[in-house]
Amino acid sequence: MAPRQSDAILKAGSRYAFSPMSSPLLSSNAAKSDLSMAARDAGLLPNLHRFLWPQGCLETSSSPWVSPMAQKVLWWALVAFAALDVANPVPYLTQEWWCAFLVLWIVPWISPASAEISWTRVATWLSALLLFSWLVARTQSAIIESTTTWVNYPSTPWLKLLSRALRSTIVAAVTAALTLYPLRKVVGHRAATISAVIASLPFSLRLASYVFLPSQQPLAITVRIYSALIPVLVMAAAASLPARFSPNLDRIPGYRGLRILVGQLLDGRLNALVALFILYGGSLAGFFFAGKWFGAPLQNTPAAHAIYSLVVLVFALIASLSAVATWQSLARAGRRHMICDNLATFGRLFIGISMSLVVLLGFFAFMPLAGNYFSESLLRMPGPAWSISTSTSPGVLRLSGEFQDGVSGALASALAEHPSIRRLELDSPGGEADEGLSMAALVEKYSLSTFVGDRCASACTIVFVAGRERLSTPTAKLGFHRARSPVWYDAADDNKFNARLISYFQSKGIEASFAQKAFRVPSNDIWYPSVDELLAARIISSAPQPGPDP
């Protein structure tokens, strides 16, 4: 039976909407609906929403806030910075090496989408190996330097070796956590593992060169081999984790909304006036307020200073991102008409001048101090880094561990308590040079002889040369390098302080050529002279003699 015409009309109506003019009743209802929607859109919140986001909101960020050209400029600037630090370090610049982490973590690098080989990809990969090899070595050295006191210096040798192995593992894990994420963004997930292994090889090979140094402890070679291998193994294992575990961060409550909001801000979707006066102005005021707070800390301890400097750096980072967001908003607003364009120009001029001040203060003032305070905080985490004890031999006092604030006072108390002490045995990697000079004055005051059975490096050698008689065992290692003043980013202060140490060594009868050579060695390196060189320069008073077990 053929369908009726009315059924066809109903079926057609189920698929297509009627025109408002087709029915007075439908026209009236539609008009009422339009009026209600218009009233709803004219409310406070929608108007406020349109005022704050005049460019409209995006469901996701449309594109990275750093253009591809800007990414290339930043990338090759980082590569040049690393090459400069390797070839000819400049203290005013390269001491702020860890600024590279901020750039690598924040910039949304575009990883290669295809596996096709091209000259551009090869150049990027080779430069990434150079950059991350330098960054891994710098990070490992900095963490090792900041955790020297984590090595236990008791009379039990195996406990000392165990603490060294544990520290090597911690250092490798922290380095991998800091470097692998930006490495994957730059070279892609496929090349991340092999790139991470190659980047960790230079530092591991440097550690491997110390494997067969003489030592009185039989397990020392095993621990040195472990310390040389663990950076490569940890980097390889950590690089393969994302392939096995791919967490969905969008499941974290609020993460997706925060990511979209930040993307919209950096894309310039916020109202230009709100971005300039509230977002950027507020972050800039927070930075200078935090800087003023940093200048008058409530507690004068390295840990407190480290927390204050971290707050300042966080506000500097927020101010930098706010400057990018405000710049983008002003650029969008300036396209409307001439008045907006002039106001946007003045706004961007203000951002350029103020951010230059923020960058200069952060790069040359707060970041060096922050690095120094964080290092001091890590050094003091385990408590006193030194150990002072009397020996089983009569008239002998042992000093071991890191030289930190207070060690000279502790030595003075020990010498006053034991007036029969005639010899000071040293086992230390060094530490603060000022404390070394203070203890050298105590050695001279009590006319003590000095003795090294295992190692005496850096500031420890200042105490050693102060001895009335300077003795060592045949396997003892004496290490020398330049001192780094407390204001370690000031090259002029470093030069004056090292000139003072050279004069002090010469006053103790040390050959001038040896003293000058010793304090020309960079502070991140060390020179271990041979026994013949030590004898010729009068560092040791006589040929080495066997000593007691450390």
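**Exercise 1. Get an overview of the protein and find where the model's confidence is lowest and highest.**

Solution. Keep in mind that this is a predicted model.
- Start with the inventory: the protein has 21 helices and 6 strands.
- Next, look at burial. Out of 550 residues, 41% count as buried.
- Then check the contacts. Taking those between residues at least 6 apart in sequence, 73% join residues at least 24 apart.
- Now turn to confidence. The mean pLDDT is 75, and 69% of the residues reach 70 or more.
- Helix 1 (residues 5-15) has the lowest confidence, with a mean of 39, while helix 18 (residues 460-465) has the highest, at 95.
- Two stretches deserve a note here. Residues 56-63 have pLDDT below 50, and the model gives this stretch 14 contacts beyond near neighbours in sequence. Residues 486-490 are also below 50, with 15 such contacts.

**Exercise 2. Work out how strand 2 pairs with strand 1 and with strand 3.**

Solution. Take one partner at a time.
- Strand 1 (residues 386-390) and strand 2 run antiparallel, joined by 5 bridges.
- Finally, ask how enclosed strand 2 (residues 396-401) is. Since 5 of its 6 residues are buried, the rest of the structure largely encloses it.

**Exercise 3. Which residues of helix 16 are buried, and what do they pack against?**

Solution. Begin with the setting.
- Helix 16 (residues 407-417) forms a right-handed β-α-β unit together with strand 2 and strand 3.
- Its buried residues are Val407, Ser408, Leu411, Ala414 and Leu415.
- Look down the axis of helix 16: these buried residues fall within an arc of 120°, so they line one face of the helix.
- Their packing partners are strand 1, strand 2, strand 3 and helix 17 (433-445).

**Exercise 4. Is glutamate 402 buried or exposed?**

Solution. First place the residue, then check its accessibility.
- Glutamate 402 sits in the loop between strand 2 and helix 16.
- The cut-off for buried is under 20% relative accessible area. Glutamate 402 has 10%, so it is buried.
- One more thing to look at is proline 429: 27 residues separate it from glutamate 402 in sequence, yet their C-alpha atoms are 6.3 Å apart in space.

**Exercise 5. Describe the surroundings of serine 200.**

Solution. Go from the helix to the side chain.
- Serine 200 belongs to helix 9 (residues 192-208).
- Its relative accessibility is 1%, so serine 200 counts as buried.
- A polar atom of the serine 200 side chain lies 2.9 Å from the backbone oxygen of valine 197.
- Set aside the neighbours within four places in sequence, and serine 200 is in contact with Val136, Pro231, Val232 and Met235.

Terms used
Residues are numbered from 1 along each chain as its sequence is written. This is a predicted model: local features need pLDDT of at least 70, side-chain atom pairs count only at pLDDT 80 or more; totals for chains, interfaces and linings use all residues. Side-chain values use heavy atoms; hydrogens and water are left out. Buried means under 20% relative accessible area, exposed over 50%, partly exposed in between (1.4 Å probe, protein chains only). Helices (H or I, at least four residues) and strands (E, at least two) are DSSP runs, numbered from the N terminus. Two strands pair if DSSP finds at least two bridges between them. A crossover is right-handed if, with the strands pointing away from the viewer, the path from the first strand over the helix to the second runs clockwise. The arc is that of the directions from the helix axis to the C-beta atoms. Contact means heavy atoms within 4.5 Å. A polar contact is a pair of N or O atoms within 3.5 Å; within protein, one must be able to donate a hydrogen and the other to accept it, and residues adjacent in sequence count only if both atoms are side-chain atoms. pLDDT is the predictor's confidence in each residue, from 0 to 100.
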